[in-house]
Amino acid sequence: MTSELADLEHYLDVANKANFHGLPGKTKAESLLAVSRMRNKLDALDATVITAFEATKEHVVEGHASCIGWLQHHSRDHGDPAALRRRLARRVRTMPQAQRALADGTITARHIDVLDKARRAVGEDGFALAEDALVDAAVIRRFRDFARLVEYFVHEVSPRDADQREQQRYEDRYGSSSRTLDGDGKIDAWMPALAFTLWQDELERLMEAEYQKDVAEATDRLGRRPLPSELARTTRQRRVDAMEEMARRSAAYTGAADLGPANLTLVVHGSAELVARLLAVLLDEDATIEDLEHLEIPERAIHELDDGTVVTLNTLVLALLTGTVRGILYDPQGEILRYGPARRLFTPAQAQALRAKYRRCCHPYGCDRTGGRLQTDHITEHQHGGPTDTANGQPLCGTHNRWKTNHQNDPPTDAPIDRDQRRTQPHPGP
């Protein structure tokens with residue numbers, strides 16, 4: 001081991017003996033961020049050492065087929081983590097700017113995974129031209145915003161390939177369910193975007209109902225609002241119970257086999273003219289498939305599901321054909337719907353409009369929850385004169401909606417503010 005690594009290990013030993021419990025909150029927060037940076041830097045260091053180790057095939061001396069087997073034996077590592085370490089090392093070799101950012105501690109191994117996906121989708125030359133800009137975005141954006149931006153990049157650079165990739169994901173769908181020897185069951189599935197959005201939204205709706213049952217039971221038992229640890233069921237247990245409820249409701253359904261249009265919202269951010277042209281063809285009884293094929297539609301127009309999943313034009317057409325689209329149109333100021341202040345509660349249409357207007361929960365210090373899990377909140381409270389319209393509305397998850405109410409009089413903190421919840425106008429095509 002080099003003297004530099006020996007020194008590093010020594011200082012890590014010293015840091016591991018530190019007692020962080022008695023430190024001020026700000027110091028603990030700074031320490032946590034420092035450790036996060038160091039984890040990324042260690043990943044970069046690990047990749048550098050693995051690259052050098054593999055270059056001279058040191059593992060072959062002991063008869064190992066790869067450095068994965070060597071790591072399993074010498075570090076008592078599991079095969080999967082060892083494979084992830086080698087994969088990271090191989091990926092950063094072709095991404096010099098990303099490797100430098102990882103070594104600086106400003107991005108993570110997961111960012112490298114997303115960047116590598118883009119590199120494979122658009123090719124080495126196309127990625128090399130955009131690598132600097134994508135890495136800059138990875139440094140300053142929340143991870144999900146960065147990943148979505150990369151999806152946009154791939155879609156714009158290779159729109160036809162995007163259709164093919166989406167079709168391939170659809171063809172790769174699968175589901176399996178098996179019973180164990182004890183009679184229990186295990187479920188595994190891979191679902192395309194539309195199907196998963198429909199399934200996940202309904203699951204989360206039922207999970208929220210199960211959560212409210214647990215809160216009511218614990219409140220009655222304790223005589224106060226319970227802590228999460230005091231609820232009768234964990235989130236994972238409620239998820240299983242919600243899936244069981246989905247099956248019970250399906251089994252109890254006695255209507256026609258065709259259940260009708262799915263209760264799915266596809267949020268279309270793009271040219272209203274584009275949607276109008278599609279609808280004109282699809283609603284024409286005399287229209288043929290050739291009319292749709294010859295329709296002039298911008299290939300680079302971008303569309304999203306309600307949770308921000310990027311989809312291609314093919315999915316938009318499919319959603320229109322199955323009656324599962326709600327059109328969202330913006331006024332010149334970027335507002336979607338507006339209602340007078342006479343209403344106390346936001347309407348479902350306003351709630352959907354606000355979920356289309358914002359990407360996720362608008363908690364100022366960051367939250368990635370999206371879709372049907374979000375509640376509609378008054379930015380300026382109604383009792384303080386705030387109107388019930390979308391200009392004064394925002395989506396918040398239940399936890400952060402309660403947080404806002406309970407901390408509205410707190411002094412501001414110096415924590416960084418999440419300013420990217422609002423959707424920006426997408427590229428409507430050339």
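1. Basis. The model is predicted, so local features need pLDDT of at least 70 and side-chain atom pairs count only at pLDDT 80 or more, while totals for chains, interfaces and linings use all residues. Residues are numbered from 1 along each chain as its sequence is written, and side-chain values use heavy atoms, with hydrogens and water left out.

2. Overall make-up. The protein chain contains 16 helices and six strands; helices (H or I, at least four residues) and strands (E, at least two) are DSSP runs, numbered from the N terminus. Of its 430 residues, 35% count as buried. Here buried means under 20% relative accessible area, exposed over 50%, and partly exposed in between (1.4 Å probe, protein chains only). The accessible surface comes to about 26,500 Å², and carbon and sulfur atoms account for 54% of it; such areas come from the Shrake-Rupley method with a 1.4 Å probe, and for residues only the protein chains shown count as cover. Among contacts (heavy atoms within 4.5 Å) between residues at least 6 apart in sequence, 63% join residues at least 24 apart.

3. Helix H2. Residues 25-55 form helix H2, whose 31 residues should span 45 Å at 1.5 Å a residue; the end C-alpha atoms are 45 Å apart, which agrees. The expected span is 1.5 Å times one less than the number of residues. The buried residues of H2 are Ser-31, Asn-40, Ala-44, Asp-46, Ala-47, Ile-50 and Glu-54. Their cover includes helix H3 (67-74), helix H4 (79-92) and helix H5 (96-104).

4. Asp-104 belongs to helix H5. Asp-104 and Arg-37 are 67 residues apart in sequence, yet their C-alpha atoms are 7.6 Å apart in space. Asp-104 is partly exposed, with a relative accessible area of 45%.

5. Positive phi values. Most residues other than glycine have a negative phi. Lys-57, which is not a glycine, has a positive phi of about 50 degrees; Lys-57 lies in the loop between H2 and H3. Because its relative accessibility is 51%, Lys-57 counts as exposed. Arg-76, also not a glycine, has a positive phi of about 55 degrees and is placed in the loop between H3 and H4. Arg-76 is exposed, at 70% relative accessible area.

6. Asp-172. The loop between helix H9 (159-171) and strand S1 (174-179) holds Asp-172. This residue is partly exposed, at a relative accessible area of 39%. Asp-172 and Pro-192 are 20 residues apart in sequence and 8.3 Å apart from C-alpha to C-alpha.

7. Helix H8. The 15 residues of helix H8 (residues 143-157) reach 21 Å from first C-alpha to last, close to the 21 Å expected at 1.5 Å a residue. Its buried residues include Asp-145, Phe-146, Arg-148 and His-155.

8. The cavity. The structure holds one cavity of 30 Å³ or more. A cavity is a set of points on a 1 Å grid over the protein atoms alone where a 1.4 Å probe fits but cannot get out; lining residues have an atom within 4 Å of a point. The largest cavity has a volume of about 40 Å³, the space filled by probe spheres set on the points, which are joined across faces, edges and corners. Arg-144, Asp-145, Arg-148, Arg-359, Arg-360, Asp-368 and Thr-370 line the largest cavity. This lining divides into no nonpolar, one polar and six charged residues; Ala, Val, Leu, Ile, Met, Phe, Trp, Tyr, Cys and Pro count as nonpolar, Asp, Glu, Lys and Arg as charged, and the others, Gly among them, as polar.

Note on methods. 1 Å grid on protein atoms, 1.4 Å probe; cavity = no way out; pocket = protein on both sides within 12 Å on 5 of 7 lines; lining within 4 Å.
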